[in-house]
Amino acid sequence: MSGYKNILVGLDLSVESSQVLARASDIAACSGAQMSLAHIIEPLTFAYGGDIPMDLSEVQEQLQNQAREQLRKASQGLNIPEERQYVVLGQPATEIHRLAEESGCDLIVIGSHGRHGLALLLGSTANGVLHGAGCDVLAVRVHSPSE
């Protein structure tokens with residue numbers, strides 16, 4: 001079996017994202033794979049059902065710019081060019097599947113908080129990515145700094 005060649009790393013840009021990136025980087029180094037980074041931002045109108053009496057486009061643009069900057073910082077020292085750093089508006093699992101397919105990825109690496117109870121019943125981004133991916137998915141169990 002040959003190693004992975006093209007790894008897509010889905011990051012939520014939380015403090016724990018560094019754990020996901022470190023695991024993906026180790027796998028890429030062992031297999032000589034290239035990495036791409038993705039952060040998906042759900043449109044603010046999704047969160048509020050579109051019933052907001054104001055224009056949120058400026059806020060949305062600021063969120064996207066901040067995410068681009070965070071991805072740029074995260075990729076420093078990892079030789080990930082800007083053209084493989086994706087900030088996309090949409091539903092996270094759907095957009096990660098699309099990016100993985102379009103870029104020919106053979107592995108998606110994402111973080112999983114291992115939630116229980118109500119959060120487990122409602123599902124999670126990691127679960128959504130796992131079910132429906134056209135390639136392997138590695139869900140890295142992340143731990144908050146307090147654990």
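Let's start with one residue in this predicted model: Glu 16 counts as buried, because its relative accessibility is 12% and buried means under 20%. You will find Glu 16 in the loop between strand 1 (6-10) and helix 1 (17-31). Its side chain has a partner there: a polar contact of 3.0 Å links the side chain of Glu 16 to the side chain of Ser 14.

Now step back to the whole chain. It holds six helices and five strands, and if you read along the sequence, they follow the pattern β-α-β-α-α-β-α-β-α-α-β. Of the 147 residues in the chain, 36% are buried. The chain exposes about 8800 Å², with carbon and sulfur atoms supplying 52% of that area. Consider, too, the contacts between residues at least 6 apart in sequence: 76% of these join residues at least 24 apart.

Leaving aside residues up to four places away in sequence, Asp 106 touches Gly 3, Tyr 4, Lys 5, Asn 6, Ile 7, Cys 135 and Asp 136. Take Ile 7 from that list: Asp 106 and Ile 7 are 99 residues apart in sequence, yet their C-alpha atoms are 6.3 Å apart in space.

Terms used. Residues numbered from 1 in each chain as written. Predicted model: local features only at pLDDT ≥ 70, side-chain atom pairs only at ≥ 80, totals over all residues. Heavy atoms only, no water. Helix = DSSP H or I, 4+ residues; strand = E, 2+ residues; numbered from the N terminus. Buried < 20%, exposed > 50% of the residue type's maximum accessible area, 1.4 Å probe, protein only. Polar contact = N/O pair within 3.5 Å; in protein donor to acceptor, adjacent residues only side chain to side chain. Contact = heavy atoms within 4.5 Å. Areas by Shrake-Rupley, 256 points an atom, 1.4 Å probe, with all protein chains shown as cover.
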